[in-house]
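Thanks for coming. I will take a few minutes on the aromatic side chains of one model. Please have the sequence and the structure on screen.

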Amino acid sequence: MKSVLLASTILLAATGASMAADAVAADPVAAPYNWTGFYAGVHGGYSWGSGDGAYPQPGVGRFETAYPEARGGLLGAQVGYNHQWGSWVLGLEGDLSYSWADGSSRINEFPAETDNGARNDNEYSFLASITGRAGYALDRTLFYGKAGIGFTRLEMDDYTDPDTFNSRGSKTLTGWTIGGGVEHALNDKWSVKGEYQFYRFSGDIAVDDPIPFRTYEGDFNVHAVKIGLNYKF
């Protein structure tokens with residue numbers, strides 16, 4: 001009888017060990033996510049921009065200050081490449097957004113800075129950038145910063161109150177941009193992201209259509225928030 005009990009105990013122990021080994025084999029540890037690869041995606045968001053600069057009349061000089069501003073939605077796309085070393089991720093990205101940003105701003109006398117009874121209607125039709133990205137990955141979640149070159153096209157229309165049109169001007173501006181965000185991989189191919197980006201532009205915009213009227217000489221800063229969806233190839 002003791003021999004039978006001992007044999008049964010050994011058999012049960014062996015069976016339990018075998019089942020435990022099978023359970024471990026059936027539940028392997030998932031491999032860490034790898035961010036290396038090319039990707040493309042789409043994004044939407046909102047941006048707002050404003051500036052401050054001299055507004056001289058050609059041949060006369062400065063006697064006004066303009067404050068162009070605009071805000072509105074964004075919709076665009078991005079492409080890029082990431083390479084991961086350990087937990088660090090470096091990459092390059094290009095993006096282009098169509099912009100619905102517009103607005104109206106007053107024109108002041110200079111140097112008194114009093115309202116002179118005129119305004120600018122402003123809009124920027126797109127935002128674009130080429131940036132380097134550097135980030136730190138916590139498996140499927142990537143925290144990153146970005147910096148590089150930014151582009152936009154700013155249009156300014158000049159009116160005397162209430163609605164007397166004087167002239168308009170537009171110019172594609174180049175500047176610098178910096179930002180950051182977080183991206184999370186939903187699976188091996190798809191990821192979602194949210195980011196903030198700041199753009200700084202400067203340059204002269206001749207308000208000269210249909211006649212030379214003014215020149216805006218100042219800066220224009222844009223803030224943008226975006227939510228995006230990427231597909232990794």
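Trp190 is found in strand S8, residues 190–207; strands here are DSSP runs of E with at least two residues, helices are runs of H or I with at least four, and both are numbered from the N terminus. This is a predicted model, so local features need pLDDT of at least 70 and side-chain atom pairs count only at pLDDT 80 or more, while totals for chains, interfaces and linings use all residues. Residues are numbered from 1 along each chain as its sequence is written, and side-chain values use heavy atoms, with hydrogens and water left out.

Rings of Phe, Tyr and Trp (its six-membered ring) pair if their centres lie within 6.5 Å; planes under 30 degrees apart count as stacked, over 60 as edge-to-face and the rest as tilted.

How many aromatic pairs does the structure hold? There are 11 aromatic pairs. In one of them, Phe38 and Tyr81 have ring centres 4.6 Å apart and planes at 50°, so this pair is tilted. The pair links distant parts of the chain: Phe38 is in strand S1 (residues 37–54) and Tyr81 in strand S3 (residues 69–85), 43 residues apart. Phe38 counts as exposed, at 54% relative accessibility, whereas Tyr81 is partly exposed at 29%.

Next, Tyr46 and Trp48: their ring centres are 6.3 Å apart with planes at 35°, so this pair is tilted. Tyr46 is partly exposed, with a relative accessible area of 36%, and Trp48 is partly exposed at 29%.

Arg119 lies over the face of Tyr159, 4.4 Å from the ring centre. Arg133 lies over the face of Tyr144, at 4.3 Å from the ring centre.

Last, the whole chain. The protein chain has one helix and nine strands, in the order α-β-β-β-β-β-β-β-β-β along the sequence. Of its 233 residues, 39% count as buried.

Terms used: Buried means under 20% relative accessible area, exposed over 50%, partly exposed in between (1.4 Å probe, protein chains only). A charge sits over a ring if NZ of Lys or CZ of Arg is within 6 Å of the ring centre and within 35 degrees of the ring normal.
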